[in-house]
Each structure stands twice: as structure tokens, then as C-alpha cells.
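Keep the structure open and try each task before you look at the solution.

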Amino acid sequence: MIELFGYLLSGVTVGFIYTLVGLGFTVIYNSSGIINFSQGEFVMAGGMSTVFLIYAGLPLGVSFVLAIMITSMIGILLYKLISFSRDSSQISLIILTLGFAIFLRGLAQIIFDKQLHTMPSFVGEGAFEIFETTISYQAVLIIIVASTIVVSLYLFFQKTKTGQAMVAASNNVDAAKLMGINIKKILMLNFAISAVIASIGGILLTPITSTNYEVGIMLGLKGFCAAIIGGLGTPFGAVAGGLVLGILESLVAGYVSSEYKDAVAFVVLLAILFFMPGGIFGNLKSQRV
Amino acid sequence: MVKNFTLRALALMFISSFIILSASTIKIGAIVAATGPASFLGDPELKTLQHYVKKINDAGGVNGQMIELIHYDTGASPKKAVTFTKRLINQDKVVAIIGPSTSGETMAILKFVKKAKIPLISMAGAVAIIDPVKPYVFKIVATDRMACEKVMADLKKRNLTNLALISGSGGFGKSMRKQCKAVAPKFGIKIVADETYGKKDSDMTSQLLKIKNNKDVQVVLNPGFGQGPAIVTKNYAQLKIKHPLYQSHGVASKKYIEIAGKSSEGVRVVAPPVVVADKLDDSVANKKVALAYKNEYEKTFNSQVSSFGGHAYDSLYIIVNAIKRAGSTNPMKIRDEIEKTQGFEGVDGVVNLSPTDHLGLDTKTGMIMLEIRNGDWTIVK
């Protein structure tokens with residue numbers, strides 16, 4: 001029983017990490033219908049710039065703010081690239097985000113380096129002990145921050161005018177334009193928000209996993225899985241997807257074999273895509289032919 | 001006609017420039033994974049090669065000729081390694097090749113160097129590269145088997161017989177896991193748990209909990225490199241597992257201590273001697289070379305020395321010495337002289353090559369056992 005609890009707790013920790021990354025996918029998909037495959041690289045950019053700003057001697061808080069600003073600039077840059085090729089099909093735009101990811105990875109190798117970097121945990125290195133297992137302070141912080149972001153995103157999309165405009169833009173661009181919504185601004189804001197969430201994720205993750213130029217690849221992939229499993233388009237979907245993925249991985253590693261851990265994650269992804277193509281929370285938008 | 005003439009003139013110019021060039025320089029090829037997943041190997045290797053080739057040339061070159069280093073970056077892809085090997089042999093006409101950085105790439109190019117009869121010194125780890133002996137292929141890097149043997153010997157000394165493995169699923173972790181499982185019985189050690197993790201995983205608590213709850217386990221070994229072992233170390237400390245923890249030579253750099261922080265206290269790491277060159281006993285034959293290399297690398301590139309750059313240093317100097325002794329740049333003669341290398345004091349250790357041994361690294365000095373105390377290495381006697 002205690003064993004099971006340990007596995008669950010570890011799964012929840014990992015699950016919220018996936019959630020943090022998955023949220024970024026949700027936000028951009030929500031407004032533009034594009035899957036942004038450089039989301040993982042946004043996470044990397046957030047973590048790496050923070051580390052190097054700290055190396056440069058800036059205080060922790062200033063580094064965080066600057067890193068978040070840098071990453072949101074990168075997000076806006078990606079939007080600018082996409083808006084240049086606005087007439088292209090969605091699939092080309094998705095490929096564009098893939099290319100941008102590779103570009104960011106290369107850039108990080110040149111600007112920073114290829115080494116692993118870490119920073120001290122800003123809530124202390126310790127861990128809470130629950131029964132016979134533990135959860136580090138940093139992991140608890142991640143859970144709290146991720147939950148806060150999810151709730152505020154939900155409120156933002158449901159209750160504010162800007163948020164509703166974003167949803168409207170994703171449902172029908174032309175209609176939204178006719179309603180006087182400034183699509184360009186809305187989309188740019190969306191990419192910026194998504195980059196901000198990613199950079200917060202990068203900053204929170206670095207003390208746990210440490211960071212280097214290619215840390216975004218796997219994170220992006222798992223975050224993408226989380227978003228798909230939960231259902232693209234709703235912040236709660238990212239949470240559900242992240243938790244399902246994290247807990248399943250942890251249980252498989254614990255009870256079956258750690259060899260099959262990643263395989264199971266992808267099998268679940270396939271199963272969800274087959275049987276619930278909209279994800280756990282998603283409702284497939286019906287399309288008129 | 002005019003066109004024909006210009007073409008001929010161009011061809012003549014090209015050929016003559018080629019002759020002048022090849023008369024004045026000795027071309028040595030290098031195939032390294034300077035970027036991509038094995039860049040932690042290739043990056044220091046390439047830096048070392050470039051730095052020391054320049055140093056040799058500044059001091060007047062070899063036998064009055066300058067060395068020209070022609071290097072290609074494979075990104076750890078065996079396919080690219082093959083392409084670049086062909087280019088080095090057919091277009092660049094090099095007299096010897098250093099690299100590739102990884103075992104998979106090395107195995108892929110073996111038949112091409114054999115056909116071209118060009119000597120190759122690989123910087124990869126796998127035993128299969130030089131066992132069985134191939135006439136043109138050498139390597140001076142300690143194998144992961146040596147690292148396993150070192151760990152097992154240490155376990156035996158401490159009377160720990162029940163070992164749990166938690167290995168990274170990357171090439172390095174996989175290969176070392178296999179080697180350790182193969183040598184364990186020879187030392188009377190039983191593998192009682194065998195866990196793995198993805199090399200980009202962010203939490204290994206589940207695997208470690210399983211090990212913690214396994215009553216048979218006495219000691220844990222973690223083959224892997226990169227951030228994985230650091231996370232294992234942190235989780236290990238969080239779960240308060242009491243068994244001794246061993247790490248592989250994949251993390252034998254100060255970076256590991258920095259990232260794992262206080263959790264790394266008391267962890268034992270099997271490592272090549274260069275990491276602690278300054279702490280080595282003066283009786284160690286290659287201390288001077290290793291220390292000089294460590295200091296020069298750290299001063300020039302402003303980053304921690306790793307053993308990997310040392311492989312490049314050793315390979316380069318073994319070839320250069322062979323060219324000096326041969327007094328010729330004929331690949332065949334260079335090969336013969338490489339094979340006669342005796343008592344070469346390199347960064348990795350003392351190398352004695354022979355027609356039956358193309359590794360030639362002394363197993364006793366190739367790997368040492370370290371323990372982390374107060375955030376620094378101490379040598380375990």
C-alpha cells in the first residue's frame with residue numbers, strides 16, 4: 001500500500017511537470033489551431049536564460065523576470081514568422097514551428113553552450129516526508145504554480161473579453177474579424193502567453209532536472225502527449241493528460257518494468273487517439289462539410 | 001578551343017596546387033561528434049585536437065612539415081561517419097584518421113579504412129573495435145568493461161555481493177549495463193535488481209522505491225551520463241536509501257557534483273585518472289602528462305576537463321610520434337610505427353601497443369575509484 005502511494009506521488013510530480021509544458025500547447029492551439037512544436041524549446045529558453053543571467057551576477061528575481069521577457073519575445077518572433085506565411089496551410093505552419101525548434105536548439109548551443117546547468121532550488125533543497133516516501137519542496141512548488149496557471153487560464157478564457165476573443169478567433173477567424181476582433185493582436189498575445197507559461201515551467205524545472213540546450217525535445221514530446229490525452233483546447237485537459245501520463249509511467253516503472261515505461265505512455269496516446277479522438281476532456285469540434 | 005585551354009590550365013593549376021599543398025603539410029583526418037547527442041564527447045575532443053595541432057605547428061611541425069587537421073562533424077550518425085571517412089580517404093587523402101567518437105560510428109567505418117589501408121585510432125569505448133585485432137585499427141580508450149571490473153573489485157573488497165543496477169537507456173548506459181552484467185559473476189556478485197530510466201526523465205523515484213523495498217539489495221550502481229545520474233543521486237538522498245551508491249565514468253566531472261549538490265556526498269565514482277590529475281600519487285607514470293593536459297585545457301577553454309578530450313590528445317600524439325619515427329608520411333609505415341608504440345605516457349595512462357594488442361592501455365591505471373567528500377574528489381585506495 002505504501003509502495004503504491006509512493007508510485008502515485010512520484011507520478012503526480014512528473015504529471016504536473018508534463019502539465020506545465022502541455023499548457024503551452026493548449027493556449028496556442030486554442031487561438032490558432034496550430035500545434036506549436038517549439039514549445040519544449042521555449043521551456044529550454046526560459047531555463048537556460050535564467051541560469052546564464054544568474055551566472056552574470058543578477059539577483060534571482062531579476063533573472064526570472066528577464067528570462068520570462070526574453071522567452072515571450074521569442075514567442076512573439078515565432079508569431080511574426082507564422083504571420084508572414086499566414087496563407088500557407090496549417091500543416092506547413094506546424095512544420096514551421098518544428099523548424100523554429102531546431103533553430104532555437106542550434107542558437108542555444110552557440111549563445112550558451114552544450115553543458116548541463118542547474119540553479120539552486122529557491123525554496124530549499126529539502127523534501128516533505130509522507131509515510132515512507134518523499135516529495136521535494138520544489139515539486140510541491142511546481143504543483144502549486146501549475147494549478148494556479150490552470151485556474152487563471154480557465155478564468156481568462158471564460159470570463160475576460162480578451163480571452164473570449166481568443167476562443168472566438170480559433171472557432172471562426174472570419175466571423176471574429178467581422179465582430180471587430182483584432183486577430184493579429186490576439187494571436188500575438190497568445191504566443192506570448194504560451195511562451196511565458198513555458199518559461200515559468202523552465203525556471204521551475206531547472207533545479208529538479210537541470211537544463212541544457214536539448215532538454216526541450218523530450219519535455220516537448222511528453223507535454224504534447226499530455227495535451228493530446230487530455231484533449232487539446234482546455235487547460236484542465238492538460239492537467240488530466242499530464243497526470244494520466246505521469247501516474248501511468250510511474251506505475252508501470254514500479255510494478256511492471258522501467259523498460260516499458262515510455263512505451264506504455266505512447267500506447268495510451270494511441271489508444272486515446274483511436275477511441276476518444278478528442279481526448280479525455282475534449283469535445284471534437286464538429287466540422288461542416 | 002579556348003574553353004578547352006582554360007579548362008586544362010585550371011586543371012593544371014589545381015593539380016599543382018594540390019602537389020604543393022600535400023608536399024608542405026601532413027594531413028590528419030578527424031571524425032568527431034562535435035554536435036548532437038554525443039557532443040559531450042566530440043566537443044572536447046575537437047577542441048583538444050585543434051589546440052594541440054596548432055601547438056605542434058607553432059613549434060615547427062613534424063619532421064619539418066606542418067600538420068593539417070581535416071575534421072568533420074558527424075552529429076553521432078554512423079551514416080555520416082561513413083560518408084566523411086570516404087571523403088577523408090578519397091578526396092582529402094589523409095595519412096591517418098582519429099575518431100569517431102562513438103562505438104556505433106567506429107564499427108560502421110571499419111571496412112573502409114581496412115580497404116584503404118589507412119591507420120585509424122578510434123576514441124570510442126566498445127571492446128569489439130579492437131577485439132579481434134584488425135591490422136589498421138587501434139584505440140586507447142579504456143573500455144566500459146574496465147570500469148565495471150573496477151567497480152566489482154571494489155564491491156568485493158567491501159564484501160557487498162548483492163548489486164542493484166539502475167541504468168540510463170542511452171547508448172552509454174545500455175552498453176555499460178551489459179558489460180557489468182557480464183563481468184559480475186566473475187567477482188561473485190549477484191545482480192538482484194535491474195532498473196532503467198529514459199535519459200531525459202525528470203524523476204526516478206519509482207525505480208528507486210522499488211530498489212529500496214527489495215530486501216536483497218546491498219549496493220546500487222548507476223551506469224549513465226548527463227542529467228540522469230544527477231537526478232538519481234538527488235532522489236536517492238531524498239528517499240534516504242542507506243546502501244552505498246556507485247556512479248560510472250560517464251559522470252566523472254565536477255559538473256556532476258555541482259548538479260547533484262549535497263546529495264552526492266559519499267557517492268563513489270569510477271573515473272579515468274585525468275579527472276583528479278592533481279591528486280594522483282607522484283609514482284603514477286602519466287601524472288605529469290595528465291596534469292599538464294588538465295591545466296592547459298581548463299586554462300584555454302575555461303571549462304572543466306573531461307577524460308574525453310584526453311582521448312584526442314593521446315590519439316594525436318601517438319600518430320605524431322609514429323610519423324616522427326617513421327620519417328615518412330606513408331600510411332603503411334605510420335601504421336607499423338603506431339603498432340610499435342611503447343611506454344607512451346598519455347592522458348589516459350601508459351600505452352604499450354603490439355601486433356596482438358591494439359588497446360595497450362594498462363588496466364590498473366586506466367580507471368581509478370573516487371569518493372565524493374565535502375564536494376570534492378578523494379581517491380579511494
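**Exercise 1.** In which sense do strand β1 and strand β2 of chain A pair, and over how many bridges?

*Solution.* Keep in mind that this is a predicted model. Begin by finding β1(A) at residues 127-130 and β2(A) at residues 133-136. They pair in the antiparallel sense, over 4 bridges. Next, look at one pair of residues: opposite A127(A) you will find S136(A) in β2(A). Finally, move to the turn of this hairpin, where 2 residues lie between the strands. One residue to look at is F131(A), with a positive phi near 50°.

**Exercise 2.** Work out the strand order of the open sheet in chain B, and explain what sets its edges apart.

*Solution.* Step one: list the 5 strands in order, β2-β1-β3-β4-β5 (chain B), with parallel pairing. Step two: look at the ends. β2 (66-73) and β5 (137-139) of chain B each have a single partner strand, so one side of each has no neighbour in the sheet. Step three: zoom in on one pair. Strand β1(B), residues 25-32, runs parallel to β2(B) and is joined to it by 8 bridges. In one of these pairings, V32(B) has D73(B) as its bridge partner.

**Exercise 3.** Which strands of chain B does helix α3 of chain B lie across?

*Solution.* First find α3(B) at residues 78-90; this helix lies across β1, β2 and β3 of chain B. Then check direction: α3(B) runs at about 175° to β1(B). Now turn to helix α11(B), residues 307-326, which packs on the sheet and touches β1, β3 and β4 of chain B. The direction of α11(B) makes about 165° with that of β3(B).

Definitions and conventions. Residues are numbered from 1 along each chain as its sequence is written. Chains are lettered from A and ligands numbered from 1 in the order in which they are written. This is a predicted model: local features need pLDDT of at least 70, side-chain atom pairs count only at pLDDT 80 or more; totals for chains, interfaces and linings use all residues. Two strands pair if DSSP finds at least two bridges between them. Two residues are in contact if their C-beta atoms, placed from the backbone, lie within 7 Å. Axes are lines fitted to C-alpha atoms, for helices over the stretch in contact, and angles run from 0 to 180 degrees between N-to-C directions.
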